[in-house]
Amino acid sequence: MRTCKIRTTLDECLNPGVRHNFHGEQVKASSTRTPQKKTLLNTKNPAKNITSAGRTNSYSGCHRSTEVATEDKELTHVGAGTPCGEYLRRFWLPVALTSQLTDLPLALRVMGEDLVMFHDLSGRIGLLHKACSHRRTSLEYDVISERGIRCCYHGWLFDVDGKILETPGEPENSPIKGNLCQGAYPVREYKGLDFA
Ligand code: FES
């Protein structure tokens with residue numbers, strides 16, 4: 001009768017000297033196999049796990065600590081105002097493909113900042129903070145104009161450099177235009193990539 005593979009393996013483990021042929025029948029073992037010695041690791045003195053060639057033994061890594069070091073925020077945070085973030089903002093970074101720009105503003109999140117990118121109708125590329133500096137409406141839903149982008153809520157018009165060009169609804173002599181500026185980054189296009 002054919003014995004299942006698990007049973008024959010178990011049988012061989014429990015009775016050293018017993019072997020099974022391909023059909024699962026017991027056969028006499030020609031010699032008793034000496035069980036292989038399992039390489040034990042020296043957990044008390046880990047230095048002994050290092051071979052004479054200066055390499056660690058196989059499987060020795062499982063005894064290493066899996067604790068993750070605490071985060072060093074000075075190195076890992078790249079948002080605006082953080083040391084690394086301010087450093088990285090001094091370089092041109094690719095943020096989008098020119099082919100992604102359509103007749104609608106493109107919402108982006110770059111280094112923790114929410115931004116919108118667009119081509120205005122005169123062909124200039126703008127990259128502005130997503131939240132409107134008036135009432136924080138998302139500029140993602142704005143209307144692209146001949147010059148810049150117009151907020152969909154109260155109609156403020158922002159140029160590609162963040163300058164406020166129009167503030168409809170405000171008094172004629174309102175100082176807002178001169179005192180406020182929407183957050184913006186300069187953009188350069190190179191071979192289909194937009195760098196900011
Ligand atoms: S919220 Fe944008 S113009 Fe008022």
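**The core and the strands around it**

Modeller: We may begin with one residue, bearing in mind that this is a predicted model. Leu 139 touches Pro 105, Val 116, Leu 128, Lys 130, Cys 132, Ile 149 and Cys 151, leaving aside residues up to four places away in sequence.

Biologist: How many residues does the largest nonpolar core have?

Modeller: In general, nonpolar side chains of soluble globular proteins tend to be buried together. Here, Leu 139 is among the residues with the most contacts inside the largest nonpolar core, as are Val 116, Met 117, Leu 127, Leu 128, Trp 156 and Phe 158. The number of residues in this core is 18.

Biologist: Which element gives the most to this core?

Modeller: The elements that contribute two or more residues to the core are β3 (94-97), β5 (113-119), β6 (125-129) and β9 (157-158). With four residues, the element that gives the most is β5.

Biologist: Which residue takes a positive phi in the hairpin of β5 and β6?

Modeller: β5 and β6 pair in the antiparallel sense over five bridges, and Phe 118 stands opposite Gly 126 in β6. Their hairpin has five residues between the strands. The residue there with a positive phi, near 90°, is Gly 123.

Biologist: Which residue in β11 does Leu 128 stand opposite?

Modeller: β6 is also joined to β11 (residues 184-185) by two bridges, and these strands run antiparallel. The residue in β11 opposite Leu 128 is Ala 184.

Biologist: In the open sheet of four strands, why is one side of β7 and of β10 left without a neighbour?

Modeller: The order of this sheet is β7-β8-β9-β10, with antiparallel pairing. β7 (143-144) and β10 (164-166) stand at the edges, so one side of each has no neighbour in the sheet: each has a single partner strand.

Biologist: What is the bridge partner of Phe 158 in β10?

Modeller: β9 and β10 run antiparallel and are joined by two bridges. Phe 158 is also one of the core residues with the most contacts. Its bridge partner in β10 is Ile 164.

Biologist: What does the twist average from one strand to the next in the open sheet of three strands?

Modeller: This sheet has the order β3-β13-β12 and antiparallel pairing. Its edge strands are β3 and β12 (188-190), each pairing on one side only. Three bridges join β12 to β13 (residues 193-195), and Arg 188 stands opposite Phe 195. From one strand to the next, the twist averages 35°.

Note on methods: Residues numbered from 1 in each chain as written. Predicted model: local features only at pLDDT ≥ 70, side-chain atom pairs only at ≥ 80, totals over all residues. Core = buried A, V, L, I, M, F, W, Y, C linked by C-beta atoms within 7 Å. Buried ≥ 20, exposed ≤ 12 C-beta atoms within 10 Å, placed from the backbone. Contact = placed C-beta atoms within 7 Å. Pairing = 2+ DSSP bridges. Axes fitted to C-alpha atoms, helices over the stretch in contact; angles between N-to-C directions.
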